[in-house]
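The sequence and structure are shown first.

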Amino acid sequence: MENSFQGEVLFGENGIPTSTKTGHGIGTKAIGTFAGHYCGDVIYKADNGIFNVRIFCYQS
């Protein structure tokens, strides 16, 4: 999924976007839970005004 943004996206040491605003980041946590449930991975990237999320789910 891609979405445009303005400003700066902050990433934690674990590569997950962080927010200083209360109540933000709920979707990010939900995506991580979903991927973990299906033995998957999530990759976040922000470059040239485009925020990109890639979710990989692996079959067991």
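## Basis and largest pocket

A pocket is defined on a 1 Å grid over the protein atoms alone, as an open set of points where a 1.4 Å probe fits, with protein on both sides within 12 Å along at least five of seven lines; lining residues have an atom within 4 Å of a point. The model is predicted, with pLDDT of at least 70 needed for local features and 80 or more for side-chain atom pairs, while totals for chains, interfaces and linings use all residues. Residues are numbered from 1 along each chain as its sequence is written, and side-chain values use heavy atoms, without hydrogens or water.

Lining the largest pocket are 19 residues, with Val9, Pro17, Thr18, Ser19 and His24 nearest its centre. Two or more lining residues come from each of β1 (2–4), β3 (17–18) and α1 (26–37), where helices (H or I, at least four residues) and strands (E, at least two) are DSSP runs numbered from the N terminus.

Isoleucine 55 belongs to strand β5 (residues 50–56). With a relative accessible area of 42%, Isoleucine 55 is partly exposed, as this class lies between buried (under 20%) and exposed (over 50%), using a 1.4 Å probe and protein chains only.

Cysteine 39 is placed in the loop between α1 and β4 (41–47). Cysteine 39 is exposed because its relative accessible area is 55%. The C-alpha atoms of cysteine 39 and isoleucine 55 are separated by 11 Å, and the two residues are 16 residues apart along the chain.
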